[in-house]
Amino acid sequence: VTIAEISVYLLAAIGGTLAGSLISFIPGLHAFNLAGFAILLYIAFPAFDPLLLAMVMAGLVVGYAVISSAGSVYFSTPDDSLRFTRLPSQRYLLQGRGHEAVMLLGIGSLGGLLFLLVVAPIASPILYQLRRLLTPHLWWILGLVILYMLQSEWPRDYGSRALTRLGRLWDGWSSLLAGILVFLLSGAVGLILVNRSIVPIDRSFQNIVPAFIGFVAIPWNLTNLISRIEIPKQHVSNTISANKAEIARGVSSGALGGSVAAYTPIVTAGIGSFLAGHSTSTRGDVQFTVSYGAARFVYYVGAYMLLWIPLVHLARGGMGWIMSVAYSPKEAWEFWLFLGAMALSGIVAFCILLGMSRYLARALERWGYRNISLAMLVALVAIVFALGSWQGLVLMTICTGIGLIQITFRTRWMNCMGILLVPIFLNMAGWGPRIVEFLGLV
Amino acid sequence: VKTEEQICPYCGKPTGKLEVCTNCGADLGKRTTLKIALVIGCMIFAVGASFIWQIITIKVLPEVPKVTLTAIGEIDEGYDYAYVWIEGTVSGGPRYRAPPNVRLDFSVDDGTGKIDVRVYSEQAQKIVDENKMPAVGDVVKLFGRARVDPQRGRWITLDSAEKFELKRPEPMLKTIHEVVRDFPETLYERVIIENVVVINLRPLASADVYTLRDEVTGHEISMYVHRGLENLAEEIPPIKKLMSRLTVTAGVGEWDEKPQLVLNSFKDIENLGRNPLPSLIPLENIDEHVDNLVGIQGKIVFAELTHIKTKEDEIYRIYKLWLNNFNEDTVEVRIWGSTYDLIPKENRDQLRRGTVLKLYGKVSTEYGLHVELAGPPEVWILDNNERDIYEPPTFVDNLLTITSENAGEFVVIQEEVLEVEKRLDEYPEHVKLKIGPEGSPNVLVWGQIWGRIDEKAKPKTGDTVRVVGKIIEYRGDIYVQPGMPADVRVVS
C-alpha cells in the first residue's frame, strides 16, 4: 500500500464522518439507514474499491457515534442506546447546561475511542478464545440479561400514601407490571417483524425503523408538546463541572458496558451500560453521562471493529452486518488502517461536535423547544411514511402506544428492547420456530 | 472551596460566593477545562498515527501475520460467522451450477477435518474464468466466512476469488488395481488411468456415476461426474456408451469407504473408441458369469414396477423383468429407475409381457441371482409381434390350490372383488383386493401400480377382475401381486 492510497482511504473516512455528522441531526435517521442505502447502491454499481466504501462507513459510524449525542441532548431525539441516558442529559438541558452535557458525552466518546485503540492490538487472541468459549452459551447469557433487566426494576411510586392497602399495592406494582407489559408487547411486535414484513416487501430491510421511532421518538415529542415544557436559555461554558476521577470512572464503566454490548448480539449500549453501571456502582450525572458517551462509541464502533480484527473477523452490530455484504477485511494492514482512520475520524468528529453544540444551543433559544418538537414530530412521520408507506405509519402508531405506556408509568425505556431480545433469544435457544408456528406467523 | 465568581460558569445564573450553584446544583469547586479533551485527542492522534506508520514503514507494533491458517477440525460453533483462512486438499466436487445463479461447491480436507466451500455469483464465475476450477487432489488456500449450523452442518462461503489460491499436482500414471490396492494412501492423488472401459453408467440426481473396468486385470472403479460440468465443456466426448474405451485423468476421492475417481473437466477424458459388446450367453448359464458384463436374450414373461427404500429413507424406482428362453429357465433383470429413463421411449413402451429382447447387464447375486441392466442401456427389441400369440402364465381357477410353495411363480386368476382395502397412508403403500373363498390368496397391488391404473379402470367391490401376477408371501399371507397396471383388468 502506498502513502497516496492510505491518504485516500483516510480522506474517505473523514468524508464518512462529515456524512455521519449531517444525518445525526435528522430525527429518526440512523447511520445504519444510510449505510444500508449505500450498500444497495454499491451492489447496483460496484464500480469502486470496496475498501474505500468500508473506510467511508468507518467514518460514518464514528461520526454518528460522537455527533448524534448533540441532537439527542438538544432535540431529544435519542436512538435506542441514548434513550437510557435521557434523564441526566434532560436535567442538564433544563438547567441551561445542554452544552456541558454534550461535552461530557463527547469526552466520553473520546475516552471510548482511546480505549478501543489501546485494546485493539491485543484483542485478537483474547476475542478468539472468548468467542470459542461463549458462543455456545450466548442464548442463556442473553436470557439472564433479560431476567436481570426485568427483576432489577424498582417501584417508582414506592412509599406513596394511598389510603387503602389495595391502593398502596397498586402504587408498588403499577410501574413494575407496566414494565413487564411493555417488554411482552414489544417482544410480540418483534416476533411479528422478524417473521413477517409489515412494511412493503421492497423496503423490508427498514422494517424495524418505524417501530423504534414509535417506541422512542414519537412518545417523547408528544410529551414535549403536551407538557408545554419550557427550556431555559442555554449557557455555553468552556469548562465542565467534573473532576478527572469522575471522567476516568465514567469512561471505564462505559467502555465495559460498550464492550459487552458490542460483543453480545442484540444487547445495545443502553443495556450494556445498565449492566456495567450496576456492576461498577457508577453514580452521579457526570459519571453517567460520560459513561454513556463512552459506551455508545465502544458499542457502535467497537462492533464494527470486530469485523477487522485478525483471526476474529466477527460481523456484529448493524454496520458490520451491512458492510460484510460488500467487503470483508482479510489482512493485518487493513486492520491497522481501520484503527488509524478511526482515530482520525474520532478527532474530527469531536471538533465538529463542539461547534455544532454551540450552534444548537443558540438555535434552541431562537426556534423554541415546542416548535422544534413539532417540527421533529412532522419530520418523523414523514420519514416513516417514506420508508414504510402507510403500513409503516400503522406500525409506528402501535409502537407509539407501547412507548406511551412506559412514559405514563415511568418504567425503563429499555423494556422496549423486547422487540429484539425476545425473538433473538427464542431463536438462539431453539424455541423460536415452534413458537412462531404456534402463533401462526409462518 | 470558596469561589470568587458571581456567575455560575455552567448555567450562567448568579451564584454569589457559594460552593454549589443554587440554580443548577453544579459543584463550583470542580472545574475541568477542555484541555482534558485536548490531551485525550493528542493521545488518540499519536496512537492512530503509529498504526498508520506501522503500515507505511517500520514494524513498531507486534506484527499480526498476513495469513493465519485455521485448522478445519477446530472450526466449531465458536467460528460461526468468523472469517478464516484454511489450507488443504480438495476432497470433493466441484459441483457447478450454470448461470444465471452461478454457484460452485467443493470440499476441502486439511488432515484435521473436512469442510464444504461455497462460492456464489460473480466470484464463482471468476474462478471458472480464471481457470481455477478446483479438482480433487488440488492443494488450495482460501479465505472465507465460516458457518456452523447445528442442522445444516458447517461450511465456508468464499467471498472473494482473489483470496483463493490453487496448486494442482502433476498426475501419476496408475492402474485401477494400484489405486484400489493402495487405498487409502492413494486418497486425493491425481492419477491418469489408461485404457479403461465403461461397463456401467448410473445416473443420479446430480451426477453420473460410471463404472470403469481394466479389461486386462478385471479391476473396477467408479467415476463421479457432476452434471454441472457439462455446462463448462466446449465439447463432451462420446463416453455415454457401453464399452467406451477411455483414458481418464482424475482425482481419487472416497465413496462408501472405497476409492472413487472424481472428474474435474471433460477435457480430462480421452476417448479411445469403443470395444465390442460382450457375447450373448444362454439364460441358464448366467450363474457362471457372476460379476461379469453379459448379453442375454429372451421373452418377457412378467414385468414389475417396484421400489426400494434405503437406510436414509430415499426411495428408488426399480423395474424388474423376467425373461425366459421359451423354457423353464426364467431370469430376473433389474433396472434402476434412472437407467430405465435412459432407454428410448419407444423401447420403454415395449417392455411388456411377450416382447422378445436382447440386453446387456452385469450378473449379480445380491438379493438373489439376477442381471442388472448396465447403463447406458443397450436394449434391442427383437420381436414385439410375439405378444399376439403370447401365452400368458398358467390360469388358476381354484385359488385354494395356491400356497406358499408357489411363491415366485406367475399365474393368471379371475375372481369377483369382495372388498377393496386401501392402505395408501402407510409404507409401503398398497391396496388389497379381497377375492375368493376364505383361505385363498388375495390380490396385493402396490401403491405406485394402483396410482397408475386409470380411475375408471380401478376395480371396485362387486367387479370381476382378471389379474396376471406373481405369487408372493407378504407379512405371513399369500398374495397374487400384479407387476404393471395392465396386469389388473376389470372384465365385468
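A residue is called buried under 20% relative accessible area, exposed over 50%, and partly exposed in between, using a 1.4 Å probe and protein chains only. In this predicted model, local features need pLDDT of at least 70 and side-chain atom pairs count only at pLDDT 80 or more, whereas totals for chains, interfaces and linings use all residues. Residues are numbered from 1 along each chain as its sequence is written, chains are lettered from A and ligands numbered from 1 in the order in which they are written, and side-chain values use heavy atoms, leaving out hydrogens and water.

A:Trp170 is partly exposed, with a relative accessible area of 48%. A:Trp170 lies in helix H7 (residues 165-195) of chain A; helices (H or I, at least four residues) and strands (E, at least two) are DSSP runs, numbered from the N terminus.

No disulfide, defined as a pair of cysteine sulfur atoms within 2.5 Å, is found over all chains. The sulfur of A:Cys416 is 8.3 Å from the closest cysteine sulfur, in A:Cys399, which is too far for a bond. A:Cys416 is buried, at 0% relative accessibility.

In chain B, eight of the nine residues of strand S18 (residues 356-364) are buried, so the strand is largely enclosed by the rest of the structure. Strands pair if DSSP finds at least two bridges between them. Seven bridges join S18(B) to the antiparallel strand S15 (residues 293-309) of chain B, where B:Gln297 stands opposite B:Lys358. Four antiparallel bridges connect S18(B) with S19 (residues 370-373) of chain B, and B:Gly361 has B:Leu373 as its bridge partner.
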